[in-house]
Amino acid sequence: MNIELNNKGGLYMITLREINKEEYGEVRAILEKERIKDYDLSKGIVYILIDNNNIIGVGKISLENEYGVLEYIVVKNENRGSNLGDCILRSLLFKAESIGIKEVYCLNCMDYLLGRGFKYNKKKDMGLYKLYLNIEDFFNVKSCGDIDEL
């Protein structure tokens with residue numbers, strides 16, 4: 001998927017897609033800078049954000065039985081501030097929904113995710129996770145855009 005976004009200094013012409021094996025090394029380098037360890041980029045839903053043939057962002061949802069776990073969303077420091085993380089999040093959620101995942105959880109509580117529709121998790125059987133998101137609700141809230149937007 002190609003997306004055109006306004007940047008502070010001009011336009012981004014970016015591509016957002018699932019990762020290929022050949023890109024694992026470059027993605028691991030980005031994750032290491034953020035002190036994130038991912039030992040298996042082949043599992044789950046992993047999307048990368050590419051600008052001018054350079055990977056500038058990555059996100060991952062691990063798949064559990066009936067739900068997903070948002071592991072991370074990372075955008076390189078020099079590319080932050082243009083809502084690129086939101087593009088990654090929406091794409092991950094859209095893909096998760098397309099394969100039948102209805103709920104996504106997150107271990108960590110981040111203001112960024114609370115601002116995107118995640119809620120504090122109050123489900124007793126899922127107490128390990130701090131945040132929760134119903135994907136259908138996410139795409140049905142007007143401020144989050146339309147389902148056809150992606």
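This is a predicted model: local features need pLDDT of at least 70, side-chain atom pairs count only at pLDDT 80 or more; totals for chains, interfaces and linings use all residues.
**Entry 1: aromatic rings.** I looked for aromatic pairs and found six in the structure. Rings of Phe, Tyr and Trp (its six-membered ring) pair if their centres lie within 6.5 Å; planes under 30 degrees apart are stacked, over 60 edge-to-face, and the rest tilted. One of the pairs is Y105 with Y129, which is tilted, at 5.4 Å centre to centre and 35 degrees between the planes. This pair links distant parts of the chain, 24 residues apart: Y105 is in strand β6 (residues 103–106) and Y129 in the loop between β7 (119–120) and β8 (131–134).

Y105 also pairs with Y132, again tilted, at 5.4 Å and 50 degrees.

Residues are numbered from 1 along each chain as its sequence is written, and side-chain values use heavy atoms, without hydrogens and water.

**Entry 2: buried or exposed?** I checked Y105 and found it buried at 1% relative accessibility (buried is under 20%, exposed over 50%, partly exposed in between, with a 1.4 Å probe and protein chains only). Y129 is buried at 10%, and Y132 is buried at 17%. Y67, Y105, Y129 and Y132 form one aromatic cluster.

**Entry 3: positive phi.** I looked up N53, a residue other than glycine, and its phi is near 65 degrees. N53 is in the loop between β3 (45–51) and β4 (54–63).

Technical notes
Helices (H or I, at least four residues) and strands (E, at least two) are DSSP runs, numbered from the N terminus.
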